[in-house]
Amino acid sequence: MERWRGRVALVTGASVGMGEAFCRALVKHGMIVVGCARRVELIEKTAKELEGETGRLIPMKCDLTVKSEIESMFRAIKDQVGGVDVCVNNAGYLAPQQLLGGDTDTFQKMLD
């Protein structure tokens with residue numbers, strides 16, 4: 001992990017669960033982590049908890065189903081840290097439905 005110290009990681013779905021855990025681990029290993037999710041206030045809380053660690057967590061609000069928010073997020077990343085070296089594409093949506101009997105609109109939402 002030493003070679004990644006100071007490099008930039010983008011973690012989607014960073015507000016809770018595995019996304020939050022990825023953020024914590026990468027920051028502790030010295031990475032600059034841009035954490036994005038719809039509930040940015042949860043990422044902001046995590047960022048405060050990680051103050052003083054080797055790396056840092058930059059919270060960003062982004063709903064990955066909204067193209068304009070994705071474009072805005074990447075512009076902000078470019079302006080603030082220059083770009084992304086690692087992407088942890090963790091965000092997701094799951095609706096427990098059977099494949100043959102499920103609603104196609106829900107399946108499309110999962111794909112988006």
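## Close-up views of a predicted model

View 1. Four strands, arranged in the order β3-β2-β1-β4, make up an open sheet with parallel pairing. Its edge strands are β3 (56-61) and β4 (86-88), each of which pairs on one side only. On average, neighbouring strands of this sheet are turned by 20° against each other, direction ignored.

**View 2. Pairing of β1 with β4.** Strand β1 covers residues 8-12 and pairs with β4 in the parallel sense. Three bridges join β1 and β4. Within this pair, Val-11 stands opposite Val-88 of β4. In general, the strands of a sheet pair through backbone hydrogen bonds.

**View 3. Helices α1 and α2 on the sheet.** Helix α1, residues 17-28, lies across β1, β2 (32-37), β3 and β4. The direction of α1 is at about 165° to β1. Helix α2, residues 40-49, also packs on the sheet, where it touches β2 and β3. The angle between the directions of α2 and β3 is about 170°.

**View 4. The largest nonpolar core.** This core holds 14 residues. Val-11, Cys-23, Leu-26, Val-33 and Leu-57 have the most contacts inside it. Two or more residues come from each of β1, α1, β2 and α2. Helix α1 supplies the largest share, three residues.

**View 5. The surroundings of Cys-23.** Leaving aside residues up to four places away in sequence, Cys-23 touches Val-11, Ala-14, Val-33, Gly-35, Leu-50 and Leu-57. Among these partners, Val-11, Val-33 and Leu-57 are, like Cys-23, listed with the most contacts inside the largest nonpolar core.

View 6. Val-40, Ile-43, Thr-46 and Ala-47 of α2 are buried. An α-helix has 3.6 residues a turn, so residues three or four places apart point the same way.

Terms used: Residues numbered from 1 in each chain as written. Predicted model: local features only at pLDDT ≥ 70, side-chain atom pairs only at ≥ 80, totals over all residues. Heavy atoms only, no water. Pairing = 2+ DSSP bridges. Axes fitted to C-alpha atoms, helices over the stretch in contact; angles between N-to-C directions. Contact = heavy atoms within 4.5 Å. Core = buried A, V, L, I, M, F, W, Y, C linked by side-chain atoms within 4.5 Å. Buried < 20%, exposed > 50% of the residue type's maximum accessible area, 1.4 Å probe, protein only.
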